[in-house]
Amino acid sequence: MFKNQDKQNNICFIRTESGYEQITYAELCKRRNTNEEYKSKKFFPFHGMLMEVSPKDYTDFYKSKRRQKYIDERSVENGDFSYNMLTTDDFNGEDILVDTSKDIGDAVIHKIMLDKLSSSIILLSDDEQKLIREIFYEGLSERKLAEKYSVSQVAIHKRKTRILDKLKKFIEI
C-alpha cells in the first residue's frame, strides 16, 4: 500500500463512530491479523497516508483511476497530443496557444499615423522642425535646450507645447 521504505510508521486513518482514528501502518497490519472486520476495510492513498473509505468510494476511486489510465494508454497508441501534457510546475502548456504577434489593425493605424506625422512636420517652420528633432529624435532635454538657446526652460516647454498643438491640428485635418 505504501511506497515509502518506513512503512511501519506511516499514518492510517480508520473510520469510527466519532470520526477518524489515527494509527500507524504497523498497527493496521496487527489489527488485520487479529480482527476479521479489518480484513474487509478499504483504503486509498491520500497525501502519503491511508484513509479508510466506504467500499463504494473505494470502487469509484479505482474505477476512475483505471479509466484515466486506459484513456492515457489509448492516447499514446493513437499519437494524441494535448497542450496540458506540456504543463509543469514552472510552465503552463496552454501558454503556447497565446498569440503574441501584433494586431495587424494596430500596426496599420500606427503606420498611417506615422505617415501623417511625417507629412505634418514638413508644414512646420525650420526652427520648429529643429526643436522637435532636438527634443524627440536627439533626446535633448528642455533644460539643455534652454542653456543652448539662452532662454528659460519654461520658454522651451511652452514653445514645444505650441508646436505639438499645431502638429495635432495638422494630423486631424
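Helices α5 and α6 are oblique to each other, oblique being what is left once angles under 35 degrees count as roughly parallel, over 145 as roughly antiparallel and 65 to 115 as roughly perpendicular. This is a predicted model, in which local features need pLDDT of at least 70, side-chain atom pairs count only at pLDDT 80 or more, and totals for chains, interfaces and linings use all residues. Residues are numbered from 1 along each chain as its sequence is written, and side-chain values use heavy atoms, with hydrogens and water left out.

Back to the helix pair. α5 covers residues 126-137 and α6 residues 142-149; they pack at an angle of about 135°, and their axes are 10 Å apart. The crossing of α5 past α6 is right-handed. Which residues make the contact? On α5 they are K130, L131, E134 and I135, and on α6 they are L145, K148 and Y149, contact meaning heavy atoms within 4.5 Å. By class, four of these residues are nonpolar, three are charged and none is polar.

Now the cysteines. Is C12 buried or exposed? C12 is buried, at 0% relative accessible area; buried means under 20%, exposed over 50%, and partly exposed in between, with a 1.4 Å probe and protein chains only. C29 is likewise in no disulfide, and at 27% relative accessibility C29 counts as partly exposed.

Key: Axes fitted to C-alpha atoms, helices over the stretch in contact; angles between N-to-C directions. Helix = DSSP H or I, 4+ residues; strand = E, 2+ residues; numbered from the N terminus. Left-handed = near helix turned anticlockwise from the far one by under 90°. Nonpolar A, V, L, I, M, F, W, Y, C, P; charged D, E, K, R; others polar. Disulfide = S-S within 2.5 Å.
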